[in-house]
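I opened my notebook for a structure I had not looked at before. Come along, and let's see what turns up.

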Amino acid sequence: MKIKNVCYSVFLFFAVLSLYSCSDVENKESYTGRTEGPATKLNVLRNGEAVGDAIQFSMGASSIILGVDCDGDWTAEVDGDWADVSNHAGYGYFDRNSYLKLNVNKNEGDARTAVLTFKSGTQTRTITLNQNGTGTDPGDTFPSSFATLENFTLGYNLGNTLDSWPVGDWWDPTTKSPTDWEQGWGQPQTTPEIIGAIADRGFKVIRVPVTWGPHMDAEGNVDAAWMARVKEVVDMVLDAGCYCIVNVMHDTGASGTAWLIANMDVYPTASAIYKKLWTQIANTFRDYGDHLLFESFNEILYTNTNDGWKQPSAGDGAYEAIRKYHQDFVDAVRATGGNNEYRNLIINPYSASNTQVVLDEMVVPQDKHSNHIMMSVHSYDPYNFCNDNGEWSILIFDDSCTKEIDDVFNRVMTCAGNLGIPAFFGEFGAIDGKKDPAERVKYAKYMAEKFKANGTVGLWWMGLIDRKTLVWEDADIVKVLMGQ
């Protein structure tokens, strides 16, 4: 898998800068502020921040842009054959940085190290490059999270189905069967024909959101009939040749019924139920193969009210709770053994957001086996285009929209590279069906291009097909998603 850590706009910026700075030390075009000769300073930057003594890379291939804050001529070289720089020399500037692109090959062996060295006169700056390896765990027959993501295609969310949680006087849960719950938010009962239609159209990753709360007793035991129905739907997805993702859905979120809260006051009680839940899910699917993945939870908030959508500031206890839940998730699944020993697991940030604050708070949980964790984020960006937001809605998919999407990918891919795990978009979509279809197609086409350029994928949030009639109502969107 190739994870690109820079957005498209940065590449354009780099292309312009390369005319001036890095490609050819003999090419000395005049530029105001440029200097020649040895430097008095030599600093290396990434996304405007100083780079430390080391840069950590995931197993996947990746490329990053490094800025060179140097007031003289400089050179750069890497001593490993698995990494290289596209520009080996450049000039210093008084008023801006020069740049180089660092490329790292995919690692299919053990962890490895190389040294990137910058020099200018008596100034020297070395940075150690560390890249994760495949690991040598005996008996690990599951593909790594990196290899698994390489095999993903565009995906689909089977939303408003097993995740439905109707409430109100009209809904008496004591009289409802699993099938009633499944149809509670207006979608039909899932059938092999529905799954087959989605898979045949090219969506080879199907996320099956599941809400568990209304099907658990006071001790956290899942109703056997409900678990059996979840298993039936998972089997349909796998029998269709797709990857399947099972999660904990509306047990979190801005709902008075949600019980899984990113709050350290709530954590001690919720943690016990959460671990018991994942133990039951994992035991049910213990012997399933590598095409089944587990996702920790969906869009967790610090309260089950709308206030929870207000993003906590850096260092808030909500992030500590999320890190603890993630560790609970990994520990509970791994403890069940069998194929769960190496099953690929998915974690996500606060509210599954892609903002810088929540991404900065992400920490990869400890795992007894390496390279079996990945990250999922959600992106309905630009929000006012993808959603109906009344008078603030954006009606035209223009350059400002592509810029916002570029920024999202830059943040997410950079975060994934820093964490050393792969990342994908568990939900995305221009889901406001009242927008001009042609504008929604533009969005879908651009997102498909960004997924390809960044070596990742996204899972569209339901819609597109009428599951009752199996008619593709947004066929033009599907075509561009599939690159047709």
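A cavity, for these notes, is a set of grid points where a 1.4 Å probe fits but cannot get out. Its volume is the space filled by probe spheres set on those points. I also remind myself that I am reading a predicted model.

**Entry: the cavity.** I looked for cavities of 30 Å³ or more and found 1. The volume of the largest cavity is about 30 Å³. Next I asked myself: which residues line the largest cavity? I noted Y319, I322, P349, Y350, V358, E361 and M362. Sorting this lining by type gave me 6 nonpolar residues, 1 charged residue and no polar ones.

**Entry: the whole chain.** I stepped back and looked up the secondary structure, which comes to 23 strands and 12 helices. The C-alpha trace spans about 80 × 50 × 40 Å along its principal axes.

**Entry: inside and outside.** I checked burial, taking under 20% relative accessible area as buried. By that cut-off, 55% of the 484 residues in the chain are buried.

**Entry: contacts.** Last, I took the contacts between residues at least 6 apart in sequence and found that 77% of them join residues at least 24 apart.

Terms used. Residues numbered from 1 in each chain as written. Predicted model: local features only at pLDDT ≥ 70, side-chain atom pairs only at ≥ 80, totals over all residues. Heavy atoms only, no water. 1 Å grid on protein atoms, 1.4 Å probe; cavity = no way out; pocket = protein on both sides within 12 Å on 5 of 7 lines; lining within 4 Å. Nonpolar A, V, L, I, M, F, W, Y, C, P; charged D, E, K, R; others polar. Helix = DSSP H or I, 4+ residues; strand = E, 2+ residues; numbered from the N terminus. Buried < 20%, exposed > 50% of the residue type's maximum accessible area, 1.4 Å probe, protein only. Contact = heavy atoms within 4.5 Å.
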